[in-house]
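Student: I have a model open and would like to learn how to read it. Could you take me through it feature by feature?

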Amino acid sequence: MATSYNGKILRVNLTERSCKVEDLDLNLAKKFVGGRGLGSKILFDEVDPKVDPLSPENKVIIATGPLTGVAVPTGCRYMVITKSPLNNMIACSNSGGVWGAKLKYAGFDLMILEGKADKPCYINIVDDKYEILDASDLWGQETEHVEEVLKGRHEGCSVLNIGPGGEQLSLLAAVMNDAERAAGRSGVGAVLGSKNVKAICCASSRTSVEPADAAALKEVVSKANKLIKENGVAGQGLPKFGTAVLVNILNSVGAYPTRNWQESEFDGAEATSGETMADTVLVKNGYCHRCPIGCARVVKLDGKDRAGAEYETLWSYGASCGVSDLDAINRANWVCNETGIDTISAGCTIAAAMELYQRGYIKDEDCEGVPLVWGSGDAIVKWTERMGKGETKLGKLMAQGSYRLCEHYGVPEFSMSSKKLDLPAYDARAIQGIGVTYATSNRGGCHVRGYTIAPEIAGIPEKLEMTSIENKHTWSIIFQNLTAVIDSSGMCLFTSFALSADVYAEMLNAATGTSYDVNGVLEAGERIYNLERLFNQKAGMKPEDDSLPKRLLEEPITGGPAKGSLSRLPEMLPEYYKARGWENAFPTAVTLERLGL
Amino acid sequence: MEVRLFATLRENRGKAVRVDWHEGINGLAVMESLGILPSAVAIYLINGRNANPDAALSESDIVSLFPPVGGG
Ligand code: SF4
């Protein structure tokens, strides 16, 4: 029977410089869906969780989902799954563009990279042909240049690569593809760098993936497209203003962390908002492959069309650093793309450094001509360059992220992170549900593992009072489980503003021949979430790692509509564990058995 | 009183408008005076806090109106 799984894995042994094709166990694939879920299962089975993440024994799994490349809205995503060098826990970073679909068109569901090449290399895939080639001439080069060279060399290819950040094992390093798309978080780029892999090119003569049931797929896709088009967020807000439309709303409710979370309202919000961007520098929308939404921003920078900052970046470099200069933020965003580092963690690390400078830990002489003063557009651009390229003593230290930076000065509490991953742009003192979601995220401080902002701020699918803790643990769990499936399917999370679990189930069934219902989809998500947690447990995670920075638990918000608020995590966490069937932060034997783990 | 508008609700209206306050005026009346359908407003804030558009406003209140917004 036809299915949208290719049924093939490309295993690349970098030490031996060899590649081989293996069959994918389709029963296993269906149990863990694909992408994030299947990649996590393979990591769990093949990698000792205690391994040094930057050693040859760690593996990098680059996995598509069963809907990647299929004619569904946003069927383009891939995930990078590995053990994170940032926090020694499971990493899975998601990216769009077209590269993931090309891997699928070429005939593979996923790649496993193992060992370590003795010198810089890249992998070139053209349908069923693949080779490992020398990348000595590309090492040290920035991502745009590398992409141009490789596209010139290999006709019709899409390029995934790392920048100087990944080569220098920066814990901020991302895996970049198609110029500006990023599997950004958890330092996944450093793991590729540790293996001496600079790039993976992928081309195919195919442009589609056959589903199991073409008629059923056509029907559900037409329904999904209509729902997306008619949805206020996915059909209007995101296309018109991008994710940046959130700047003004989060600031208006006083939940917009400012100057490294010392305040929660930013007087420069309007100047750095989606509305201002649309009125000034916006050239057009950017679209990932097969995406009808087009949330990405293309802006003018030095006369050229460049990827513009999205919400998280406008915040991490904007409010978080006290900067209201939109041009400087877009420029810092561009430097992140060129050097291949994560825009959230890079901006947050500069914000932490600015607080260390404010408090006298970092001295003027450490700054080598670029003082880390709040609000400096010059500082965010220059320190991003220094971090991305590993320049100056302090720049090298900052390239290891805010946690290690603050720890170096003996004050790790100024790193606004959870499991060492910098928190994103929603103040968990004002919005309670996102706090329990950050704290229990398997990869650390992250909003896209369970976007409870949808109900708590946007009222989707229903309005929840953001300051209340009532039932927030339940919402967090449902969102975490559903997100695990969406990530594993190969679709973009932003479709979930318009689509519900039953639509994803229908799409998966039509594409793969499975027979998921809503409960089946949520159970698959729960299985994936628990498997990630098991990996972390075996890797040495402690219950106290499910935490938030001290500031969110002990320093009330100082002003604005949410003045006086603190995170009520200690009240929510026991309820969360109970509902998950976990004890002391980890799944019980009964839970594991129920989920078939 | 001050009414702040965001995203698509700014079209032909601007970022902020002043609406004459009178005893008993509520959010629905404010929307009507601006030609905004209540169904077009997904988030309604009084002084930065979620509120019910039925509730009466005081003269010093700042009202913020948002269409459906989301992102990540
Ligand atoms: S909504 Fe945005 S991130 Fe998602 S697939 Fe479309 S353009 Fe890419």
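**Reading the model**

Tutor: Start with the domains. Chain A is divided into domain 1 (8–203), domain 2 (244–421) and domain 3 (428–497 + 517–594). Such bounds come from an automatic or database domain assignment. This is a predicted model, in which local features need pLDDT of at least 70, side-chain atom pairs count only at pLDDT 80 or more, and totals for chains, interfaces and linings use all residues. Residues are numbered from 1 along each chain as its sequence is written, with chains lettered from A and ligands numbered from 1 in the order in which they are written.

Student: How many residues do domain 2 and domain 3 of chain A each bring to their contact?

Tutor: Two residues are in contact if their C-beta atoms, placed from the backbone, lie within 7 Å. Here domain 2 of chain A gives 19 residues and domain 3 of chain A gives 24 residues. The side of domain 2 of chain A that touches domain 3 of chain A has 10 nonpolar, four polar and five charged residues. In these classes, Ala, Val, Leu, Ile, Met, Phe, Trp, Tyr, Cys and Pro are nonpolar, Asp, Glu, Lys and Arg are charged, and the others, Gly among them, are polar. The centres of the two domains, taken over C-alpha atoms, are 25 Å apart.

Student: Which strands of chain B supply at least two residues each to the side that touches chain A?

Tutor: Helices (H or I, at least four residues) and strands (E, at least two) are DSSP runs, numbered from the N terminus. The strands in question are β3 (43–46), β4 (49–50) and β5 (62–66) of chain B. In total, 19 residues of chain B are in contact with 30 residues of chain A. The chain B side divides into nine nonpolar, eight polar and two charged residues.

Student: What is the strand order in the sheet of chain B?

Tutor: Strands of a sheet pair through backbone hydrogen bonds, either parallel or antiparallel. Two strands pair if DSSP finds at least two bridges between them. In chain B, the order is β2-β1-β5-β3-β4, an open sheet of five strands with mixed pairing. Its edge strands are β2 (16–18) and β4 of chain B, each pairing on one side only.

Student: Which pairs in chain B run parallel or antiparallel?

Tutor: Strand β1 (residues 2–5) of chain B runs parallel to β5(B), with four bridges. There B:V3 stands opposite B:V63. β3(B) and β5(B) run antiparallel, also joined by four bridges. B:Y44 stands opposite B:L65 in that pair. β3(B) and β4(B) are antiparallel too, with two bridges, and B:L45 has B:N50 as its bridge partner. These two strands form a hairpin with two residues between them. B:N47, in the turn, has a positive phi of about 50 degrees.

Student: Where are the edges of the sheet in chain A?

Tutor: That open sheet has six strands, in the order β2-β1-β6-β3-β4-β5 (chain A), and its pairing is mixed. β2 (18–23) and β5 (90–95) of chain A stand at the edges with a single partner strand each, so one side of each has no neighbour in the sheet. Inside the sheet, strand β3 (residues 60–64) and strand β4 (residues 78–83) of chain A run antiparallel, joined by four bridges. A:T64 stands opposite A:Y78.

Student: At what angle do α19(A) and α21(A) pack?

Tutor: Axes are lines fitted to C-alpha atoms, for helices over the stretch in contact, and angles run from 0 to 180 degrees between N-to-C directions. Helix α19 (residues 472–489) and helix α21 (residues 518–539) of chain A pack at about 90 degrees, with their axes 7 Å apart. Therefore α19(A) is roughly perpendicular to α21(A). Angles under 35 degrees count as roughly parallel, over 145 as roughly antiparallel, 65 to 115 as roughly perpendicular and the rest as oblique. Among the contact residues are A:L482 and A:V485 of α19(A) and A:L522 and A:I528 of α21(A). By class, the contact has eight nonpolar, four polar and one charged residues.

Student: Which residues lie around the ligand?

Tutor: A residue is near a molecule if its C-beta atom, placed from the backbone, lies within 6 Å of it. The residues around the ligand include A:C288, A:C291, A:C295 and A:C492. The shell divides into eight nonpolar, three polar and no charged residues.

Student: Where does a cis peptide bond occur?

Tutor: One joins A:I460 and A:P461, with omega about 0 degrees. A:P461 lies in the loop between α18 (453–458) and α19 of chain A.
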